[in-house]
Amino acid sequence: MGQNIVCPQHQYIQYRKNRTDMTDKINNSETKKTRLRLSERLKLVASFVPEGSRVADIGTDHGYVPIYLAETGKIKSALAMDVRKGPLARADEHIEEYRRDAGDAAISIETRLSNGLEKLYAGEADTVIIAGMGGELMIDIIKNSPVIGTLKEMILSPHSDKDFVRKNM
């Protein structure tokens with residue numbers, strides 16, 4: 001694969017050992033105040049997103065990462081994707097709050113019901129975030145995607161099976 005692959009989970013392990021360096025990375029990535037309070041893990045994931053990206057957040061759950069990235073002005077647009085309707089409904093509510101607060105300055109965030117990358121089409125995103133799921137599922141999602149070769153960046157943060165992810169990338 002030609003894209004850069006970042007595994008923040010590996011960085012997060014280093015972060016636990018060297019708290020100062022990773023805390024600086026997290027703090028330096030916050031260019032503006034946001035109304036969201038992300039966990040350190042999700043802030044670290046967000047810190048790897050390149051400036052000006054068009055992001056697809058796979059397994060978005062509550063939609064906090066795309067909203068955080070939009071509030072900090074780091075992205076051009078985002079797709080918040082999940083396989084379940086309940087989490088997407090929550091993400092829609094949070095995105096609406098963001099739009100009300102941001103007004104005309106709101107960056108486009110769209111929600112989409114999708115099994116992994118199934119409903120992501122070529123050219124819609126240049127960066128994919130897959131975080132908070134098992135490594136085997138993550139690899140399955142990546143291997144079954146026809147658009148994976150069109151992406152510039154993949155930011156992966158598995159909750160389990162980290163070695164499996166490393167071996168299969």
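Predicted model: local features only at pLDDT ≥ 70, side-chain atom pairs only at ≥ 80, totals over all residues.
Let me begin with strand β5 and strand β6 (residues 153-157), which pair in the parallel sense over 5 bridges, where pairing requires that DSSP finds at least two bridges between two strands, and where strands (E, at least two residues) and helices (H or I, at least four) are DSSP runs numbered from the N terminus. Within this pairing, valine 128 has methionine 154 in β6 as its bridge partner. From β5 the chain crosses through helix α6 (residues 135-143) to β6, a right-handed β-α-β crossover, meaning that, with the strands pointing away from the viewer, the path from the first strand over the helix to the second runs clockwise.

Residues are numbered from 1 along each chain as its sequence is written, and side-chain values use heavy atoms, with hydrogens and water left out.

Strand β2 (residues 53-58) also runs parallel to β5, joined by 4 bridges, and isoleucine 58 has isoleucine 130 as its bridge partner there.

Why is β5 largely enclosed by the rest of the structure? Because 5 of the 5 residues of β5 (residues 127-131) are buried, that is, under 20% relative accessible area with a 1.4 Å probe, protein chains only. Side chains in a regular strand alternate between the two faces of the sheet. Here Thr127, Ile129 and Ala131 are buried on one side, and Val128 and Ile130 on the other.

Notes. Buried < 20%, exposed > 50% of the residue type's maximum accessible area, 1.4 Å probe, protein only.
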